[in-house]
Amino acid sequence: MAYFLQQLINGLTLGSIYGLIAIGYTMVYGIIGMINFAHGEIYMIGAFISIIAFLVLGLIGVSYVPLALALVLLTTMLFTAIYGWTVERVAYRPLRGSFRLAPLISAIGTSIFLQNYVQILQGAREKPMLPLVQGGFTVFESGGFAVRLSYLQLLIMLVTLALMAGFTTFIATTPLGRAQRACEQDIQMAALLGVDVDRVISMTFVMGAALAAVAGLMVTLYYGVVDFFIGFLAGVKAFTAAVLGGIGSLPGAMLGGILIGLIEAFWSGYFSVEYKDVSVFGVLILVLVFRPTGLLGRPELEKV
Amino acid sequence: MTAASGLAVEKEALATLDWAALLKDAVLAALVATLLALPLVGFQTYDIGGGALGIRTHFDWVATAAAAVFAGRLALHLRQRLRRGGERHGETLFARLGAWGNRRALPITLVGIAFAVALPLLPFSSRYLIDLGTTVLIYVMLGWGLNVVVGLAGLLDLGYVAFYAVGAYTFALLARDLGLTFWQALPFSGLVAASFGVILGLPVLRLRGDYLAIVTLGFGEIIRIVLLNWSPVTGGPNGISDIPRPSFFGLPFARSAPEGATTFHQFFGLEFSPAQRVTYIYFVILALALVTNLFTSRLRTLPIGRAWEALREDEVACRALGINPTNVKLSAFGIGAMLGGFAGCFFATRQGFISPESFTFIESATILAIVVLGGMGSQMGVVLAAILLVTLPEFGRAFAEFRMLIFGAAMVAIMVWRPRGLLAHREPSLRLRARRSAAR
């Protein structure tokens, strides 16, 4: 029981991170119907920018942890968002209306490019990060096994919750959010009615990248190491989360993220750590085969 | 637009260039470049020991990047403005090259094959060159195999390396446990890889194109992870070594023959030289690649090949015409997988050692890049792209280091400028006899 609870906590933490990345996939897919394959790399870039921001702050002499965290959060979101914007502008926008597979191939190219860009600039070795948020408390203890919830895990879950709440309100109430929903339903009609579609798509990439940046920052804090290759696996898992929840659906992305986090945590806890990635890929294949619309998704009509 | 009015527009464009707007645009681009470069180029982390990181600054690099973007953006826009009237899209060097290649397909092919056959005999040839040629040919064969799936059937397969791995491991296991030779195991490698293709394809080929891409990617990773962790059978990260080399009709290439056997050089009364084996291996892959080419180009003109291409262009119309999309896709997927399996089998016998490290996603991406850069569906484009991508790192360390970076950027650039690939010049494989020019 205690072991189960511990895995539950670990899974929820992991799932929060996947959920944040998954939102980027699901929003882009909802609006322009493409898989932004480079989104995982955006998350990786977020992780690197956060580690660099921490180091720079350390050099300047900011040592009060909450302040440092807040500053790093903001700078990481800002700079990563610019990466998201640029990727859309350079690699995807010229391809709108091109043949079906063109944006996807371009996205794969972008992904390879960004990975090697970071590898060449920052080196291929793992970047360690000193633990910044330490400590935690014991939720309960039974049979000599203490269920621990670290402050960091709590922080990750709370930040995710806050971001999700803020984000949902944003989509539901602001003019930009309304424009996004309009584009998601019918992009041509929205354009006819005066929505600046290009701007909406740009902003979607900016928001997705900013959320992925938060995920990158949290992963840096959580695992304490970052390397240029983390974006690949995390990207595929977050995409799986988006598909599982129903691609195009925001609550679905969050739900899917948490489910994937839980599956991964329980699989490594009860079966085998080596095959935890296989479990996630297996889920992806199963979902696509038996329920391609995901848990909360709408069926997609094929129009001629 | 007629030529005369085009010329007029060009002159007008030159006269009315809006320098202020152009400069503003370039400055903005440079600003974005600065912001992009600032965190990752401007600051470089490095190990200072003890699990800590140090940081050094490279603001000069940031400035260089910004200046380069400024100049590049300005040049690009000037060129675009001046050319707008010309409508020269598609009239690029590569388009003409592709069209020329199509017109002269037969002579070019014959010269190419003659060169490939003669390569080991040419005076400047060396063991290194033959080795390089073998690597190029492996990628050519893989490219042609994947071309069936991506180029002809229009299915994006991001896990092609899985079938390559299956083929390689099938041979390695058959050789280790049952003592089969390369030629005995070759059909099995193809067969097993094709079965994997069909088993994977059956459930997932109903999916939309981009879902299929992700699922194949996941499948490729699953295969790699299983190979890595199923140590009792696959040897885990250590892989399988001592894979037998191919023999020449039962004559092994060795200095001294095992008991009761004659080696190649003894049989032909030659002096022993390791170059004989290298050359032989080169000819084996050349033959395999040529058979692959022949096979796939024949398939293309058969009903099944036409169905692939029709399906790529319009799935709904195909369904309306009574083509079963799943079966047609499945055949492309299975045949592509089989060819990948053959290539894998050859890879295993050539290396003599395989491990999961040879079958990562980057390998899949490389093969895909070859197909995409060459022009999807173009056999000659694949050859050109394979030569380019394989030999690029040989030109120096700088190229080796930046190889994947260039790959990635090239994939994006090609999609933006020539979405059908470098040498893509699409000729219909079937044409109505009388071309109705009135319809244009």
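Guide: What follows begins with the patch and then turns to a hairpin and to chain B.

This is a predicted model, in which local features need pLDDT of at least 70 and side-chain atom pairs count only at pLDDT 80 or more, while totals for chains, interfaces and linings use all residues. Residues are numbered from 1 along each chain as its sequence is written, chains are lettered from A and ligands numbered from 1 in the order in which they are written, and side-chain values use heavy atoms, with hydrogens and water left out.

The nonpolar surface patch, about 760 Å² in area, is formed by A:Met1, A:Tyr3, A:Phe4, A:Phe145, A:Trp267, A:Tyr270 and A:Phe271. Patches are made of residues with over 30% relative accessible area and no salt bridge, where like charges are joined within 9 Å and nonpolar side chains (Val, Leu, Ile, Met, Phe, Trp, Tyr) within 5 Å; a salt bridge is a side-chain nitrogen of Lys or Arg within 4 Å of a carboxyl oxygen of Asp or Glu; and accessible areas come from the Shrake-Rupley method with a 1.4 Å probe, for residues with only the protein chains shown as cover. Two elements of chain A, helix H1 (2-32) and helix H10 (250-271), each give two or more residues to the patch, and H10(A) supplies its largest share, 3 residues. Helices (H or I, at least four residues) and strands (E, at least two) are DSSP runs, numbered from the N terminus. A:Tyr270 lies in helix H10 of chain A and is partly exposed, with a relative accessible area of 43%, on a scale where buried means under 20%, exposed over 50%, and partly exposed in between (1.4 Å probe, protein chains only).

Strand E2 (residues 136-142) and strand E3 (residues 145-150) of chain A pair in the antiparallel sense over 6 bridges, pairing being assigned if DSSP finds at least two bridges between two strands. A:Phe140 stands opposite A:Val147 in E3(A), and in this hairpin, which has 2 residues between the strands, A:Gly143 takes a positive phi near 60°.

As for the partner chain, 61 residues of chain B are in contact with 64 residues of chain A, contact meaning heavy atoms within 4.5 Å. Across this interface the rule finds 0 salt bridges.
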